[in-house]
Amino acid sequence: MDAQLQNSGIEYVKVSKWFGTMQVLKDIDLTVSHGERVVICGPSGSGKSTLIRCANRLEEHQEGTIRVNGIELDGRRASTEAVRRQVGMVFQSFNLYPHLTILDNCTIAQRWVKGISRAEAEERAMHYLERVRIPDQARKYPGQLSGGQQQRVAIARSLCMAPDIMLFDEPTSALDPELVREVLDTMTELANEGMTMVCVTHEMGFARQVADRVIFMDRGQIVESAAPEEFFQNPQQERTRLFLSQILH
Amino acid sequence: MIDWAYIIDALPALFRGLGTTIMVSVLAVAFSLLIGLAGCILRLSNIPMAGRIVAAYVEFVRGTPFLVQVFFIFYGLPDLGLTLSIFWSGVLALTIWASVFHIESFRAGFTSVGRNMSDASASLGLKSWQHGLFVIIPIALRSALPSTLNTVVGTIKNSAYLQAIGLAELTYVAIGKVASDFRTVEMFAAICLIYLVIVLGVSALGHALEKRLDEPYRQR
């Protein structure tokens with residue numbers, strides 16, 4: 001492995017974070033290596049969303065060190081911008097721009113962040129919209145699409161920026177049950193292509209199928225971290241067993 | 001009976017007054033929108049004290065009668081060393097009055113945009129000015145538009161108060177005519193109708209813009 005690859009991925013070292021007086025992340029140590037697919041699960045309020053939102057500095061950590069592809073998130077604008085150029089993110093509520101067409105949603109950042117020409121940005125956008133199988137919706141607005149379609153657009157919009165790492169923050173939690181499959185399929189394809197992925201989700205089928213590692217968080221701490229078979233067949237911690245018994249019925 | 005011939009005779013003078021009304025209103029609307037936008041940005045900014053100063057400005061202007069503000073600017077400011085012509089006193093008074101309502105409408109619009117959009121922009125790498133210009137303003141404009149339109153219409157109608165400092169706008173001309181000819185019903189009915197036509201025209205423009213900004217949100 002060359003030096004570049006060794007440095008790539010996300011590295012949390014003794015990371016702590018507080019909201020006011022409440023500590024939401026406690027001394028987190030976690031390394032996500034290049035090409036790895038990590039699923040994070042845990043009860044609500046356990047800090048899992050906060051943890052991944054720290055990786056592109058949507059949230060600031062107060063103690064410890066976070067490095068993304070070797071760049072330390074130290075609060076300087078330059079390092080935050082450098083990290084955000086390499087990390088894409090998909091949100092629970094899609095967060096598409098409601099006033100822009102699907103195509104414009106996919107081109108705005110390409111044009112203003114990367115300085116790509118409109119024609120080239122649109123070509124790229126159509127390429128990714130085809131990959132998530134909704135090129136025919138390109139001229140519509142987000143409000144005219146189903147939730148599953150909107151989330152696939154959000155994935156395409158992120159991919160247009162050619163990220164190295166993709167973060168998913170409960171990408172299927174806001175979807176009607178019958179729309180979950182299409183989004184998970186898109187994510188599975190992405191995983192099979194070798195994208196580095198960190199995914200907060202309760203879709204345990206997806207975790208089994210795709211993840212290299214499953215992490216269980218509770219009260220701001222990583223309680224358990226194991227390969228999927230190990231994690232589901234033989235969880236070591238009582239809290240993990242309790243959680244799994246509640247969500248796998 | 002209404003004397004139509006009298007009204008028609010008076011029209012050229014009324015239209016000259018209307019010209020002044022329109023000029024003073026257009027300038028005040030333009031300036032107040034700019035100040036409204038700037039004030040709203042300061043109000044919501046992290047700059048120390050800026051938010052409070054803007055909030056105090058809004059409370060002060062909103063809490064005092066418009067006619068008193070007009071008199072203060074025209075009769076009071078010269079004593080403080082700032083003498084403006086009647087016309088520019090009028091523009092200034094209307095601008096200040098309208099700006100506080102624009103600040104509040106824009107603030108409602110801006111805060112309706114919410115965290116999700118800034119998360120999306122940040123994760124995509126857009127800078128905050130790009131997020132403001134391409135995301136916040138277009139989305140906020142849509143929700144702020146109805147109340148902004150109210151203020152614009154109010155600005156036009158409030159220009160009538162400026163007759164009190166002798167600005168020869170529409171109402172001033174009409175009052176002058178009434179004083180010499182005593183055709184009260186004719187004159188006031190005529191200028192009501194003229195104001196109404198202007199305001200309806202502005203409303204129609206506003207509703208067209210509203211319809212256009214609503215386009216992305218319509219189901220089809």
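How many Å² does the accessible surface of chain A come to, and what percentage of it belongs to carbon and sulfur atoms? The surface amounts to about 10900 Å², with 44% belonging to carbon and sulfur atoms, where accessible areas come from the Shrake-Rupley method with a 1.4 Å probe and, for residues, only the protein chains shown count as cover. This is a predicted model, in which local features need pLDDT of at least 70 and side-chain atom pairs count only at pLDDT 80 or more, while totals for chains, interfaces and linings use all residues. Residues are numbered from 1 along each chain as its sequence is written, chains are lettered from A and ligands numbered from 1 in the order in which they are written, and side-chain values use heavy atoms, with hydrogens and water left out.

The secondary structure of chain A comprises 10 helices and 10 strands, which are DSSP runs numbered from the N terminus (helices H or I, at least four residues; strands E, at least two). The radius of gyration of chain A, 18 Å, is close to the 18 Å that the globule rule gives for 249 residues, so the chain is as compact as a globular protein of that length; the radius is taken over C-alpha atoms, and the rule is 2.2 Å times the number of residues to the power 0.38. Along its principal axes, the C-alpha trace spans about 55 × 45 × 40 Å. Of the 249 residues, 56% count as buried, that is, under 20% relative accessible area, with exposed meaning over 50% and partly exposed in between (1.4 Å probe, protein chains only).

In chain A, four strands form an open antiparallel sheet in the order β2-β1-β4-β5, two strands being paired if DSSP finds at least two bridges between them. Strands β2 (22-33) and β5 (71-72) of chain A stand at the edges, each with a single partner strand, so one side of each is left without a neighbour in the sheet. Eight bridges join β1 (residues 9-19) of chain A to β2(A), and A:V15 has A:I28 in β2(A) as its bridge partner. Helix α2 (residues 48-55) of chain A packs on this sheet, touching β1, β2 and β4 (63-68) of chain A, where contact means heavy atoms within 4.5 Å. The direction of α2 makes about 120 degrees with that of β1(A); axes are lines fitted to C-alpha atoms, for helices over the stretch in contact, and angles run from 0 to 180 degrees between N-to-C directions.

Strand β7 (residues 165-169) of chain A has five of its five residues buried, so it is largely enclosed by the rest of the structure.
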